[in-house]
Amino acid sequence: MSDKKKILVTGGSGYIGSHTCVALMEAGYDVVVIDNLSNSEPWVMDRVGEICGRKPEFCEMDLQDREGVRKFFSEHKGLDGVIHFAASKAVGDSVANPLKYYRNNLGSLVNLLEGVLENGIQSMVFSSSCTVYGQPDELPVTEDAPIKRAESPYGNTKQISEEILADTQEACPNLQVIALRYFNPIGAHSSARIGELPRGVPDNLIPYVTQTAAGLRDKLRVFGSDYATRDGSCIRDYIHVMDLAEAHVVAMDRLLNHWNSEPMEVFNLGTGTGVSVLEVIASFEKVSGRKLAYEITTRRPGDIEQVWADTRRANEVLGWTAKRSLDDALASAWRWECALRGIEGN
Ligand code: NAD
Ligand code: UFG
């Protein structure tokens with residue numbers, strides 16, 4: 001039997017989950033993945049195995065299936081921790097289909113927490129989002145900024161999930177939870193074997209940019225140039241997905257090695273630097289060596305003007321800092337798009 005610590009990663013074949021599986025295995029953890037493949041492909045686990053030289057154990061199952069989750073835990077004793085990525089994440093779809101989001105994101109969390117508590121698992125990391133801040137009054141935004149009314153049912157599931165986790169930790173002193181509030185994850189593993197795999201037309205900026213450069217889309221639409229920002233386009237904090245993945249390893253290490261009786265801990269995960277949409281385009285053109293076709297159009301309803309992270313808490317408490325640059329992240333996203341489409345990259 002392996003003496004490595006074993007971590008359950010839900011949603012582990014998805015975008016951030018798959019990169020985190022790589023980071024966990026490279027840090028010496030064993031990994032078991034639960035995923036229902038509702039937004040990912042079965043070959044992703046093979047690719048993770050290829051990168052790491054060993055494959056995570058994979059269980060195809062839906063976390064909404066309470067009995068299935070019970071059975072999973074009865075068959076997987078000795079788990080040391082859980083990282084919970086599995087959720088539906090399309091903001092626009094959540095406005096059209098709110099109950100799907102409440103059922104999946106909240107129902108799955110409750111089923112998982114029941115399994116965690118019944119099996120005495122003490123360490124859990126949760127995927128939250130900077131959407132909980134809305135448009136912050138002060139920038140960079142700290143973890144203590146007020147939580148604004150959610151702009152979408154998806155955003156609301158993240159707020160409610162944090163509350164469910166905080167309440168559960170308070171009621172169960174043996175459980176410790178870290179909630180990680182991601183800013184905008186982008187990029188891909190340096191091998192270009194795993195990356196972001198949007199289904200249909202991408203909602204997010206970077207896959208739209210790379211698909212446009214790859215010829216799948218005519219042109220990018222830049223949503224608004226009349227914001228009160230340095231060039232009129234919106235500002236976000238884009239973080240390389242491998243930096244994000246490594247932060248999960250550090251958070252899990254902390255939970256497993258540094259017991260504290262504090263309430264649930266929350267950390268912003270960003271670079272600490274805001275970048276505009278037009279700056280992203282300029283950086284992409286530089287690293288890809290291609291001109292990007294784009295036009296400036298009207299604002300996208302629901303977009304906030306600008307947000308970037310105050311990362312001091314993650315820097316000081318977790319000892320984690322984002323190391324990779326925007327250029328690195330965009331170059332890796334482009335290599336991934338080229339590998340997917342069989343295009344000769346730069
Ligand atoms: P993703 O869709 O690529 O990955 C989620 C995975 O969970 C998918 O593989 C999907 O098949 C699986 N899944 C969904 N519902 C499930 C269920 N009921 N049972 C089992 N598996 C299920 O998304 P991602 O970008 O990797 O996001 C991971 C997490 O991070 C999500 O919780 C998301 O809300 C959060 N997050 C993402 C972003 C972002 O911009 N990508 C930003 C902030 C927070
Ligand atoms: N944008 C465009 N054109 C596009 C797509 C996006 O100009 O075709 C702009 C948006 O207006 C925004 C920026 O690019 O200014 C980033 O947009 P994304 O859709 O990539 O990301 P968001 O900041 O809107 O939201 C994302 C996720 C959320 C998550 C949030 C914070 O979609 O789920 O990051 O992590 F909560």
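**Figure 1. Polar contacts of ligand 2 with L205, R221 and R236**. A backbone N or O atom of L205 is 2.8 Å from an oxygen atom of ligand 2. R221 places a polar backbone atom 2.7 Å from a nitrogen atom of the ligand, and R236 places a polar side-chain atom 2.6 Å from a ligand oxygen atom. Of the 680 Å² of accessible area that ligand 2 has on its own, the protein covers 88% (Shrake-Rupley method, 1.4 Å probe; for residues, only the protein chains shown count as cover). A polar contact is a pair of N or O atoms within 3.5 Å; within protein, one atom must be able to donate a hydrogen and the other to accept it, and residues adjacent in sequence count only if both atoms are side-chain atoms. This is a predicted model, in which local features need pLDDT of at least 70 and side-chain atom pairs count only at pLDDT 80 or more, while totals for chains, interfaces and linings use all residues; side-chain values use heavy atoms, without hydrogens and water. Residues are numbered from 1 along each chain as its sequence is written, and chains are lettered from A and ligands numbered from 1 in the order in which they are written.

**Figure 2. The shell around ligand 2**. Ligand 2 is surrounded by 21 residues, the closest being S129, F183, R221, R236 and D303 (near: a heavy atom within 4 Å). Strand 8 (residues 220–223) gives the largest share of this shell, four residues. The shell holds 12 nonpolar, four polar and five charged residues (nonpolar: Ala, Val, Leu, Ile, Met, Phe, Trp, Tyr, Cys and Pro; charged: Asp, Glu, Lys and Arg; polar: the others, Gly among them).

**Figure 3. Helix 7 and its surroundings**. Helix 7 spans residues 205–213 and is largely enclosed by the rest of the structure, because nine of its nine residues are buried (buried: under 20% relative accessible area; exposed: over 50%; partly exposed: in between; 1.4 Å probe, protein chains only). The buried residues of the helix include L205, P207, T210 and Q211. They pack against strand 7 (184–186), strand 8, strand 10 (238–240), helix 9 (277–288) and helix 11. Just after helix 7, G215 takes a positive phi of about 90°. Helices (H or I, at least four residues) and strands (E, at least two) are DSSP runs numbered from the N terminus.

**Figure 4. E337 in helix 11**. E337 belongs to helix 11 (residues 326–341) and counts as buried because its relative accessibility is 4%. Residues up to four places away in sequence aside, E337 touches P207, T210, Q211 and A214 (contact: heavy atoms within 4.5 Å). L197 is 140 residues from E337 in sequence, with a C-alpha to C-alpha distance of 9.3 Å.

**Figure 5. Ligand 1 and its shell**. Ligand 1 has 28 residues around it, with D35, N39, S40, N104 and Y154 the closest. A polar side-chain atom of S40 is 2.7 Å from an oxygen atom of ligand 1, and a backbone N or O atom of G14 is 3.3 Å from a ligand oxygen atom. The side chain of S108 has an N or O atom 3.4 Å from a nitrogen atom of ligand 1. The protein covers 95% of the 820 Å² of accessible area that this ligand has on its own. At least two shell residues come from each of helix 1 (15–26), helix 5 (98–118), strand 5 (123–129) and helix 6 (153–171); strand 5 gives the largest share, three residues. By class, the shell has 11 nonpolar, 13 polar and four charged residues.

**Figure 6. Q159 in helix 6**. Q159 lies in helix 6 and counts as buried because its relative accessibility is 13%. A polar atom of its side chain is 2.7 Å from the backbone oxygen of K148. Apart from residues up to four places away in sequence, Q159 touches V132, I147, K148, R149 and A150.

**Figure 7. The largest nonpolar core**. This core has 37 residues, of which V9, L24, V48, L180 and L269 touch the most other members (core: buried Ala, Val, Leu, Ile, Met, Phe, Trp, Tyr and Cys residues joined through side-chain atoms within 4.5 Å). Elements that each supply at least two of its residues include strand 1 (6–10), strand 2 (30–35), strand 6 (176–182) and helix 8 (241–257). The largest share, nine residues, comes from helix 8. Leaving aside neighbours within four places in sequence, L24 contacts I7, V9, Y29, V31, I83 and V249. A second, separate core of 26 residues has I186, A213, I281 and A333 among its members.
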